[in-house]
Amino acid sequence: MGELRLMKGNEVIAEAAIRCGCDGYFGYPITPQSEVMETLMTLRPWEDSGMVVLQAESEIASIHMVYGAAGAGKRVMTSSSSPGISLMAEGISYMAGAELPCVIVNVQRGGPGLGTIQPSQADYNQATKGGGHGDYSLFVLAPASVQEMHDFVVLGFEMAFKYRNPVMILADGVIGQLMEKVELIDQRPRWTNEQIEEISGDWATTGKRSNRQKHVITSLEMDSNTMEQNNLRLQAKYNRMKDEEVRYESIECEDADYIMVAFGSAARICQKTVQIARRKGVKVGLIRPITLFPFPEKIIAEYATKVKGFLSVEFNAGQMVNDIRLAVNGKTQVEYFGRMGGIVPTPDEVELALEQRFNN
Amino acid sequence: MSVLTERINEIIKPENLVYAKSPLLNDDAMHYCPGCSHGVVHRLIAEVIEEMGIQEQTIGVSPVGCAVFAYNYIDIDWAEAAHGRAPAVATGIKRVMPEKYVFSYQGDGDLAAIGTAETLHAINRGENIVMIFINNAIYGMTGGQMAPTTLIGQITATTPNGRNADLNGYPLKITELIAQLPGAAYVTRQSVQTPAAVRKAKKAIRKAFEIQAKKIGTSFVEVVSTCSSGWKLTPVASNKWMEENMFPQYPLGDLKDSGRADADLYRIKG
């Protein structure tokens with residue numbers, strides 16, 4: 001068993017990054033996730049593992065530093081919160097286009113605009129439908145615990161390199177600020193130059209040797225036919241993710257008449273709602289998507305013929321509910337309940353919404 | 001074989017060779033317009049990298065603008081950056097591979113308009129990189145619009161009556177700004193319109209790359225350049241226009257050559 005600690009979600013992002021052998025973090029302070037860089041600066045990983053930590057002049061600069069370093073085959077990451085992620089949208093699109101691996105953490109706050117520093121899940125569409133320009137998808141993981149904040153940094157880098165694609169950890173202010181027990185992985189070494197050569201030797205900008213062609217990191221292609229082939233290659237990759245990487249948790253769905261679908265901290269609340277509803281004799285289950293892209297549409301489609309209704313519970317105006325409707329395809333009733341502006345609903349509030357939506 | 005070809009082949013012999021194309025420059029036809037300075041500067045960078053023997057250690061960062069395809073011509077590893085972000089991309093590369101040589105190559109719109117923040121902050125951090133700045137006072141790639149360095153009165157696609165300070169502000173002397181930054185090690189302004197100027201510019205680029213190995217801050221080489229297509233002048237007339245109009249505003253020479261400032265000058269007391 002690994003080392004056990006009581007830690008904040010944001011702090012564990014930093015700890016997990018160092019321990020999994022991350023090469024660099026580039027970021028810019030923004031509430032509610034500033035503890036990520038503060039923790040890194042306090043831990044000074046450049047003295048031990050050699051991990052680089054740099055406070056950039058903006059989120060724009062941060063993501064382009066990540067672009068440069070990721071292009072060199074290094075394991076690099078950044079973190080921010082909603083308005084900062086909007087600024088990074090340019091660089092994220094470029095990274096998706098150039099097929100660069102990286103981990104981006106979004107500890108969401110309420111919007112639009114400067115919005116609020118309180119928790120939110122209003123960036124679901126931004127995270128899962130692109131967010132920047134062009135046809136692209138991120139691999140999106142939604143942690144619902146401090147443990148998952150830790151685990152998804154490790155898994156995130158694995159997926160980023162498996163698919164040569166940016167990975168987003170879509171957390172929210174609750175998970176970022178929450179303190180929980182977490183089991184940490186043991187320190188792993190950063191990749192050696194030889195390992196980078198083995199893993200990314202056919203594309204990374206490590207310096208052109210005489211025995212190979214030059215490597216160019218770019219998303220640019222002037223020839224339309226070639227560019228369409230590039231787009232098709234990306235789409236094929238996203239389809240592979242859909243086939244192979246869907247992750248979700250299913251809680252008490254087997255006998256359920258109604259299934260709630262919720263991710264991140266909303267799922268934590270709904271877990272309690274399941275208990276409250278079942279004490280009242282209503283058979284309620286919960287599907288918690290762990291990957292938001294690829295979305296667990298198959299399991300939702302399977303239950304669509306068995307249940308009387310789905311309730312999407314989100315801290316936003318109803319975004320994921322559209323993906324549920326697509327998966328359900330009209331086969332049963334799909335409803336939404338959510339709060340906005342940084343308000344986190346109580347389990348009872350969700351239970352009441354269930355009763356009201358489905359007239360129990 | 002024609003008489004002419006025979007005669008040429010007689011002349012082209014190793015013993016007659018006084019100058020050769022760097023093997024780092026490939027044989028692709030450059031997309032640059034006749035009279036453009038980019039091609040010359042590309043050649044100088046290729047020659048410097050070749051002569052220093054650092055081809056395997058050098059990573060270039062190309063911009064958005066006419067030089068976006070710089071990666072097509074020089075046989076090294078490249079990252080193509082988003083508009084204005086080359087200094088951030090170069091920072092990322094250099095920070096995770098401090099033993100490599102990293103340079104960015106940007107035009108005036110890229111470096112001094114959309115990327116001003118990235119430019120100033122990379123240099124203010126004293127990133128150990130080389131930054132090459134092509135200043136031709138116009139946006140070439142998009143069809144000749146006003147650049148931050150466009151001169152007052154200069155006609156462009158978006159200043160059809162000439163740049164007006166009341167409306168458009170002033171030509172940005174960003175190199176003078178950069179020379180004030182403590183992180184800058186070497187700041188110089190060059191040109192490539194004559195053989196003598198080309199030799200001086202090459203020396204400056206070589207010096208900039210050598211400074212990178214010393215890790216004493218950012219080296220910045222501006223090349224005051226021509227854009228005959230954007231300026232709507234012949235290549236010869238462009239050189240004359242540049243000498244008469246650009247040089248008084250952007251005087252050639254070194255602006256700083258002292259290495260990164262001593263941090264103690266800026267330290268808190270006590």
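Visitor: How many bridges join β14 of chain A to β15(A), and do they run parallel or antiparallel?
Guide: In this predicted model, strand β14 (residues 309-314) of chain A is joined to β15(A) by six bridges, and the two strands run parallel. Within that pairing, A:S312 has A:Y336 of β15(A) as its bridge partner.

Visitor: What sheet do they sit in, and what's the strand order?
Guide: They belong to an open sheet of five strands in chain A, ordered β10-β12-β11-β14-β15, and the pairing in that sheet is mixed. Its edge strands are β10 (248-251) and β15 (333-338) of chain A, each of which pairs on one side only. From one strand to the next, the twist averages 20°.

Visitor: Which helix packs on that sheet?
Guide: That is helix α10 (residues 264-279) of chain A, which touches β10, β11 (258-261), β12 (284-289) and β14 of chain A, and whose direction makes about 170° with that of β12(A).

Visitor: Switching topic: how do α1 and α2 of chain A pack?
Guide: Helix α1 (residues 9-19) and helix α2 (residues 35-43) of chain A pack at an angle of about 50°, their axes being 7 Å apart, and α1(A) and α2(A) are therefore oblique to each other. The crossing of α1(A) and α2(A) is right-handed.

Visitor: Which residues make the contact?
Guide: From α1(A) the contact uses A:N10, A:E11, A:I13, A:A14, A:E15 and A:I18, while α2(A) contributes A:E35, A:V36, A:T39, A:L40 and A:L43. By type, the residues of this contact between α1(A) and α2(A) comprise six nonpolar, two polar and three charged.

Visitor: And β8 of chain A, which residues are on its covered face?
Guide: In strand β8 (residues 179-184) of chain A, the covered face holds A:E180, A:V182 and A:L184, whereas A:M179, A:K181 and A:E183 lie on the uncovered one. Strand β1 (residues 3-8) of chain A runs antiparallel to β8(A) and is joined to it by six bridges, with A:L184 of β8(A) as the bridge partner of A:E3.

Visitor: Where does A:R247 lie relative to A:I169?
Guide: A:I169 and A:R247 are 78 residues apart along the chain, and their C-alpha atoms are separated by 14 Å.

Technical notes:
Residues are numbered from 1 along each chain as its sequence is written. Chains are lettered from A and ligands numbered from 1 in the order in which they are written. This is a predicted model: local features need pLDDT of at least 70, side-chain atom pairs count only at pLDDT 80 or more; totals for chains, interfaces and linings use all residues. Side-chain values use heavy atoms; hydrogens and water are left out. Buried means under 20% relative accessible area, exposed over 50%, partly exposed in between (1.4 Å probe, protein chains only). Helices (H or I, at least four residues) and strands (E, at least two) are DSSP runs, numbered from the N terminus. Two strands pair if DSSP finds at least two bridges between them. Axes are lines fitted to C-alpha atoms, for helices over the stretch in contact, and angles run from 0 to 180 degrees between N-to-C directions. Angles under 35 degrees count as roughly parallel, over 145 as roughly antiparallel, 65 to 115 as roughly perpendicular and the rest as oblique. A crossing is left-handed if the near helix is turned anticlockwise from the far one by less than a right angle, and right-handed if clockwise. Contact means heavy atoms within 4.5 Å. Ala, Val, Leu, Ile, Met, Phe, Trp, Tyr, Cys and Pro count as nonpolar, Asp, Glu, Lys and Arg as charged, and the others, Gly among them, as polar.
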